[in-house]
Amino acid sequence: LMGMQAAIEQAMKSREILGISDPQTLARVLTAGVQSSLSDPRLFISYEPSTREAPQQASTLTNLTREELLAQLQRNIHHEVLEGNVGYLRLDDLPGQEVLSKLGGFLVAHVWTQLMSTSALVLDLRNCTGGHVSGIPYVISYLNPRNTVMHVDTIYDRPSNTTTEIWTLPKVLGERYGADKDVVVLTSGRTGGVAEDIAYILKQMRRAIVVGERTEGGALDLQKLRIGQSNFFLTVPVSRSLGPLGGGGQTWEGSGVLPCVGTPAEQALGKALALLALRRTLPGVVLRLQEALRDYYALVDRVPGLLHRLASMDYSAVVSEEDLVTKLNAALQAVSEDPRLLVRAVEPRETSPGPETAPDDPPEAAPEVPTDEAARRALVDSVFQVSVLPGNVGYLRFDRFADASVLKALG
């Protein structure tokens, strides 16, 4: 803020700024100045003559009755089981610890239990623009299959000048989501605050694949403060994530969470379902690849190492066929030291050339040997090129081996 002080003093001396008579224009000019001086787009100044006091930051959820809380949660939480046994959970607002401790049993019985038996989960945060920091451990804990507690974030609060560590819960009501089940988080440019922190933590834990748009890059807690006795207000982030999972003190704040698979927000769910369909095929692909190597690969002494490598590879980051092919080829060729060992993805065909093969060019059928002498000469000329070069050097060229039956007939 030392540089900000100089910028404020310079602004106070500016006749251009002092000459702005329209308060809305002045608010925009001051916002541009503050954001450029501090390189923080989350800071902005507004002119609100109708606002007598700064809005209260505390949520009103804790003041509601149990029935009102349930109604509020049902508006902000939607769940269903999609085709392919894919669970879908949409959160538009994340309640805090106080609400979750009161209604946790209801949520487990009426929401979570129905999602536990699914084979994969989509967590939709595209419309989640905020929430309570104290609710973060609950979401992470149910998706963290391990029972051991894990430090996932540290939050610094400026007004109290304190830091709070966020840990997963040692125990949860109901069950945790299985470690062998895929989780996809959907994001948009509106995804902000607490929702961004959840997406970031799950991504860094390698527990979820983020699909959609780069998130807002907002703040865990924004407060609107009146400037003096005026009708101008400063909106400012009062807390920040120190992000121990990210390393190097870098977090999502200001820059947003970058998705693993970028796609427009309105297409994110379809993209996620296609991704999950691909990932469902992974065990079968790996199994068939192991069988093919075991049954056909001529370098028999290298087969055990290849099979072990395939079984021990981490497929959690595979998000496309291209990813899978690249990963498999790098692993197989590193173990076998054989550049001929190659995996490819091919388009499905209506009639497959064989149960396990997909050649570049199907073998051509052997041509029928004509009985006419001229036709036989034409066939020979199409296969072989024969000439005598200078120096009485014979030259014979053929680009493919003729079928044995053809050679026999033309012998």
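Visitor: What places Phe398 in strand 14?

Guide: Phe398 lies within residues 393–398, which form strand 14; strands are DSSP runs of E with at least two residues, numbered from the N terminus. This is a predicted model, in which local features need pLDDT of at least 70, side-chain atom pairs count only at pLDDT 80 or more, and totals for chains, interfaces and linings use all residues. Residues are numbered from 1 along each chain as its sequence is written, and side-chain values use heavy atoms, with hydrogens and water left out.

Visitor: Why is Phe398 called partly exposed?

Guide: Buried means under 20% relative accessible area and exposed over 50%, with partly exposed in between (1.4 Å probe, protein chains only). Phe398 has 36% relative accessibility and therefore counts as partly exposed.

Visitor: What makes the nonpolar surface patch of about 480 Å²?

Guide: Val386, Leu396, Phe398 and Phe401 make this patch. Patch residues have over 30% relative accessible area and no salt bridge, and nonpolar side chains are joined within 5 Å, like charges within 9 Å. A salt bridge is a side-chain nitrogen of Lys or Arg within 4 Å of a carboxyl oxygen of Asp or Glu.

Visitor: Which residues form the negative surface patch?

Guide: Glu321, Glu322, Asp323 and Glu347 form it; Asp and Glu count as negative.

Visitor: Why does Ser387 count as partly exposed?

Guide: The relative accessibility of Ser387 is 30%, so this residue counts as partly exposed. Ser387 belongs to strand 13, residues 384–389.

Visitor: Which residues does Ser387 contact, leaving aside neighbours within four places in sequence?

Guide: Ser387 is in contact with Val393, Gly394 and Tyr395, where contact means heavy atoms within 4.5 Å.

Conventions: Helices (H or I, at least four residues) and strands (E, at least two) are DSSP runs, numbered from the N terminus. Accessible areas come from the Shrake-Rupley method with a 1.4 Å probe; for residues, only the protein chains shown count as cover. The place of a charge is taken as NZ of Lys, CZ of Arg, CG of Asp or CD of Glu.
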